[in-house]
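Welcome! Have a look at the picture first, then try each task before you read on.

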Amino acid sequence: MAEENKNVAPAEAGVKAESAPVAAKAQGGEKSATAARGNGRRFGNGGRRFSRNGRNGGRREDDEFTDKVIKINRVAKVIKGGKRVRFTALVVIGDGKGTYGFGLGKSNEVPDAIKKAMNVARRNKNKITVAEGDTITHPIMGEFGATKVFLKPAPKGTGLVAGGAVRAILELAGIKNVYSKIYGSRTQGNVVKAVADGLAKLKTREQVEEVRFGKKPEVKAANKPAEKTSEAK
């Protein structure tokens, strides 16, 4: 029995000796993986995360636009099982430099409705020319349905004599001095569309002269004195 025990002991020692290097390698592998993660070296990209729009941390074009929620309305549709409640959102966006847009979104939740409205507004952007003094070029009447909105230029320092939806869309478009008046229905959706209709009708001085005189105005060039050249003899 003593001889058998002597033969078994070296075998167990050999197993422990063989398992020791394997455990050391495993620990070394875990340490190297942890160090690699700590250094940000993953998948060979140096730990960099690239944005979905193709630019590494770049700024999207629509980031410069400011948005404002005009109205959130709760609507219900009667169906066979009862009522289905949804939400609509009216949103206006603008960059304050003459570009603006508006959109209407509908969804089961308010945040989703606002997101849809902003996407619609970004797809339907319009551009106007802001006159000197941050106002419009001439008086105009915008119409949509039973709503009419009158806009009139105002001197610098007057501010926006407007409220509600009219003020929101003019502010985001970059117009700071104007008089306004609403006639007829004051539904906010119709008011926004009437203001957009009026802004779309605005014309610059050059466009008016082209219609009135049938040609584009000529730009007067500065009279430059003729340079005298002397030939070398």
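**Exercise 1.** How many bridges join strand β7 to β8, and do the two run parallel or antiparallel?

*Solution.* Before we start, a word on the source: this is a predicted model, in which local features need pLDDT of at least 70 and side-chain atom pairs count only at pLDDT 80 or more, while totals for chains, interfaces and linings use all residues. Residues are numbered from 1 along each chain as its sequence is written, and side-chain values use heavy atoms, with hydrogens and water left out.

Step 1: find the elements, where helices (H or I, at least four residues) and strands (E, at least two) are DSSP runs numbered from the N terminus. Strand β7 covers residues 160-161.

Step 2: count. Two bridges join β7 to β8, and these strands run parallel; strands pair if DSSP finds at least two bridges between them. Leu160 has Val178 in β8 as its bridge partner.

Step 3: follow the chain from β7 through α3 to β8, a β-α-β crossover that is left-handed. The right-handed kind would run clockwise from the first strand over the helix to the second, with the strands pointing away from the viewer.

**Exercise 2.** In which sense do β6 and β8 pair?

*Solution.* Step 1: β6 and β8 pair in the antiparallel sense, over seven bridges.

Step 1: pick one position. Leu151 stands opposite Ser180 in β8.

**Exercise 3.** Describe the surroundings of Thr147.

Step 1: is Thr147 buried or exposed? Thr147 is buried, with a relative accessible area of 0%; buried means under 20%, exposed over 50% and partly exposed in between (1.4 Å probe, protein chains only).

Step 2: list touching residues (heavy atoms within 4.5 Å). Not counting residues up to four places away in sequence, Thr147 touches Gly142, Ile182, Tyr183, Ser185, Asn190, Val191 and Ala194.

Step 3: look at Ser185 again. Its backbone oxygen lies 2.9 Å from a polar atom of the Thr147 side chain.

**Exercise 4.** Which residues have the most contacts inside the largest nonpolar core?

*Solution.* Step 1: a nonpolar core is a set of buried Ala, Val, Leu, Ile, Met, Phe, Trp, Tyr and Cys residues joined through side-chain atoms within 4.5 Å.

Step 1: the largest has 28 residues, and Val149, Leu151, Val166, Leu170, Ile175, Val195 and Leu199 have the most contacts inside it. Its largest share, seven residues, comes from α3.

Key
Polar contact = N/O pair within 3.5 Å; in protein donor to acceptor, adjacent residues only side chain to side chain.
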